[in-house]
Amino acid sequence: MNENVEIKSDLLAKWIRVLIYIAIVSIVNSVISILPIIPASVTTWISRGIMVAMVVCMFRMAPVNERYKKAGILRAVWLGCMIASLVSMPSILVLAASVLSIIAVYQEYSAHSEVVADKDAKLSRNWHSLFNWSIVTGLLVGFGSVVTALIASFAGVEITRITAIVTGILGIPQLVIEIVYLLYLKKMSAIFDES
């Protein structure tokens, strides 16, 4: 029994380190997407590559907690919907992908919370709080985008320029969520490296 726990701790330690690297790449990609340095199409494809790496990690971590497998499946379907939306039915597929993304993140954060609960109850609660904050942030960013686009169109401002500025400003809260996610992963890594 103790050997099984040790194997699971080793597995978690390994794949959490991989998630840390993925999170760092994601943060860099987010910063680049806020700044108009690289075309949006490039950062979008980098995001899809990040998603593929996340799917692999979730499936690799599945033996430790079933929620990781669910998160992996949901992320894979989410990615499929986003890619398929390039070809047909973009509105429906993007909406489906949005719903899947929320459920996938919930499953991942809940899995993190459950595997760390015995070792650090505060970090376990923090994972649930981070999910709630990511939902609130997503809603505020979405609402802010719509309101800004409406005001800009009524004011007769050039939509392309306003969209770039608003996207940059509204991307900052999501970037903060990604940084907190990275910090929590680092705490988890330290816990499971000690085990």
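Let's start with helices H3 and H4. In this predicted model, H3 and H4 pack with their axes 8 Å apart, at an angle of about 160°. Angles over 145 degrees count as roughly antiparallel, so H3 is roughly antiparallel to H4. The crossing of these two helices is left-handed. What kinds of residues make up the contact of H3 with H4? There are 19 nonpolar residues, four polar and five charged. As background, two packed helices are described by the angle between their axes and the distance between the axes.

Staying on H4, take Tyr 106, which sits in that helix. Leu 170 is another matter: 64 residues separate it from Tyr 106 along the chain, and the two C-alpha atoms are 22 Å apart.

Now the core. In soluble globular proteins, nonpolar side chains tend to be buried together. Here, the largest nonpolar core has 35 residues. Which residues have the most contacts inside it? They are Leu 19, Trp 127, Tyr 181, Met 188 and Phe 192. The elements giving two or more residues to this core are helices H1 (2-34), H2 (40-61), H3 (66-84), H4 (90-116), H5 (121-155) and H6 (159-194). Apart from this core lies another one, of nine residues, including Met 51, Trp 78, Leu 93 and Ala 104.

Back to Leu 19 for a moment. Leaving out neighbours within four places in sequence, what does Leu 19 touch? Its contacts are Met 54, Cys 57, Met 58, Met 61, Glu 108, His 112, Tyr 181 and Leu 185.

Ser 30 is in helix H1. With a relative accessibility of 13%, Ser 30 counts as buried, because buried means under 20%. Not counting residues up to four places away in sequence, Ser 30 touches Leu 175 and Glu 178.

Gly 49 is in helix H2. Its relative accessible area is 40%, so Gly 49 is partly exposed. How far apart are the C-alpha atoms of Gly 49 and Arg 125? They are separated by 30 Å, with the two residues 76 residues apart along the chain.

Technical notes: Residues are numbered from 1 along each chain as its sequence is written. This is a predicted model: local features need pLDDT of at least 70, side-chain atom pairs count only at pLDDT 80 or more; totals for chains, interfaces and linings use all residues. Side-chain values use heavy atoms; hydrogens and water are left out. A nonpolar core is a set of buried Ala, Val, Leu, Ile, Met, Phe, Trp, Tyr and Cys residues joined through side-chain atoms within 4.5 Å. Buried means under 20% relative accessible area, exposed over 50%, partly exposed in between (1.4 Å probe, protein chains only). Helices (H or I, at least four residues) and strands (E, at least two) are DSSP runs, numbered from the N terminus. Contact means heavy atoms within 4.5 Å. Axes are lines fitted to C-alpha atoms, for helices over the stretch in contact, and angles run from 0 to 180 degrees between N-to-C directions. Angles under 35 degrees count as roughly parallel, over 145 as roughly antiparallel, 65 to 115 as roughly perpendicular and the rest as oblique. A crossing is left-handed if the near helix is turned anticlockwise from the far one by less than a right angle, and right-handed if clockwise. Ala, Val, Leu, Ile, Met, Phe, Trp, Tyr, Cys and Pro count as nonpolar, Asp, Glu, Lys and Arg as charged, and the others, Gly among them, as polar.
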